[in-house]
Amino acid sequence: MNFSVFDGQPLIYGLSKKNDGPMNPVRGRSPQGDRNHSPAARTASNGMNFRFIENREKFLRENNLTGQLVLPRFQHGSEVILINKENVGGDFQADALISKEKGILLGVTVADCFPVYFFDPTAQAVGIAHC
């Protein structure tokens, strides 16, 4: 997917599609009965579906996205976290991430909403929000 507003900017971004498979941990079967969400789709003894890990890795690889991927746990609130080299491996609960660091991939998972991408060319900062 290409967003013309970012044309000519030093950005690398992506948006997975439904046929890329689930990108978020899911327990059990989805309401739609999607086979990628079924318990047989690489499910651990605790019921957690791990196919999303393979799907994420494949998406990143196929889109030449390299770097440390940061995905927060969403709280449907207003928390925004600044991601830098010191906290990049942290476990975050937020609805938006921002960073000025190169080599850090900011991500969100969405279902019935669209991610909002931000870029400040002056500050060379990027952000992404779950709305």
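**Questions on a predicted model**

Student: In which strand does Ser-99 lie?
Tutor: This is a predicted model, where local features need pLDDT of at least 70, side-chain atom pairs count only at pLDDT 80 or more, and totals for chains, interfaces and linings use all residues. Residues are numbered from 1 along each chain as its sequence is written, and side-chain values use heavy atoms, with hydrogens and water left out. Strands (E, at least two residues) and helices (H or I, at least four) are DSSP runs, numbered from the N terminus. The run of residues 96-99 contains Ser-99 and is strand S3.

Student: Is Ser-99 buried or exposed?
Tutor: Buried means under 20% relative accessible area, exposed over 50%, and partly exposed in between, with a 1.4 Å probe and protein chains only. The relative accessible area of Ser-99 is 2%. Ser-99 is therefore buried.

Student: Which residue of S6 is the bridge partner of Phe-119?
Tutor: Strand S6 comprises residues 125-130, and S5 pairs with S6 in the antiparallel sense over six bridges. The bridge partner of Phe-119 in S6 is Val-126.

Student: Which residues does Phe-3 touch beyond four places in sequence?
Tutor: Phe-3 is found in the segment before helix H1 (51-62). Phe-3 is buried, because its relative accessible area is 17%. Not counting residues up to four places away in sequence, Phe-3 touches Tyr-13, Phe-114 and Tyr-117.

Student: How far apart in space are the C-alpha atoms of Phe-3 and Gly-14?
Tutor: In sequence, Phe-3 and Gly-14 are 11 residues apart. In space, their C-alpha to C-alpha separation is 9.8 Å.

Student: What share of the residues in the protein is buried?
Tutor: The protein has one helix and six strands, and from the N terminus on its elements run α-β-β-β-β-β-β. Among the 131 residues in the protein, the buried share is 34%.

Terms used:
Two strands pair if DSSP finds at least two bridges between them. Contact means heavy atoms within 4.5 Å.
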